[in-house]
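Dear colleague,

I am passing on a structure for your files, and below it you will find notes on what was found. Please read them beside the coordinates.

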Amino acid sequence: MREDCLFCKIIHNKIPAKLVYEDDQVVAFNDISPQAPVHVLIVPREHIETINDLGDANLAGHMVLTAKKIGSMLGISQSGYRLIMNCNEDGGQTVFHIHLHLLGGKRLGELLK
Ligand code: AMP
Ligand code: ZN
């Protein structure tokens, strides 16, 4: 737990979020500023700042499979969805605790986000 990290605070229930899924490795909650009808963030419990710091292939795979599971739970598997991870400034990362965006529920534009 990093005291100055927004997503660590959400994971430890210090600030509220609308949780949609959790297990021993990840927590998933609705994005506060949704860019699509479904916009969920899949966040590892472990504080990892950027994809550059991610070395655990098992965790990376688990994040993707969790997104698949939540897509199914929310009924967008067949209509489709997009998964995005932003890294550092040029990637548009604003929260430095890695997270996978799950976006769906509408036809997404050509831009990635
Ligand atoms: P990124 O720009 O990839 O770092 O994504 C950060 C995301 O976190 C943005 O889509 C924000 O809307 C979202 N966000 C920021 N604060 C909160 C919060 N308190 N609860 C849920 N999502 C948040
Ligand atoms: Zn954190």
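**Pocket and ligand**

Helix H1, strand E2 and strand E3 (38-44) each supply at least two residues of the lining of the largest pocket, where helices (H or I, at least four residues) and strands (E, at least two) are DSSP runs numbered from the N terminus. This is a predicted model, in which local features need pLDDT of at least 70 and side-chain atom pairs count only at pLDDT 80 or more, while totals for chains, interfaces and linings use all residues. Residues are numbered from 1 along each chain as its sequence is written, chains are lettered from A and ligands numbered from 1 in the order in which they are written, and side-chain values use heavy atoms, with hydrogens and water left out.

A pocket here is an open set of points on a 1 Å grid over the protein atoms alone, where a 1.4 Å probe fits, with protein on both sides within 12 Å along at least five of seven lines; lining residues have an atom within 4 Å of a point. The largest pocket has a volume of about 340 Å³, a volume being the space filled by probe spheres set on the points, which are joined across faces, edges and corners. Of its 23 lining residues, Phe7, Asp31, Ile32, Leu41 and Val95 are the closest to the centre, and H1 gives the most to the lining, with three residues.

Ligand 1 sits in this pocket, in the sense that more than half of its atoms lie within 2 Å of the grid points. The elements that give two or more residues to the shell around ligand 1 are H1 (6-11) and E2 (26-30).

As for polar contacts (pairs of N or O atoms within 3.5 Å), an oxygen atom of ligand 1 is 2.7 Å from a polar backbone atom of Thr94, and a backbone N or O atom of Val95 lies 3.0 Å from an oxygen atom of ligand 1.

With kind regards

Note on methods:
A polar contact is a pair of N or O atoms within 3.5 Å; within protein, one must be able to donate a hydrogen and the other to accept it, and residues adjacent in sequence count only if both atoms are side-chain atoms.
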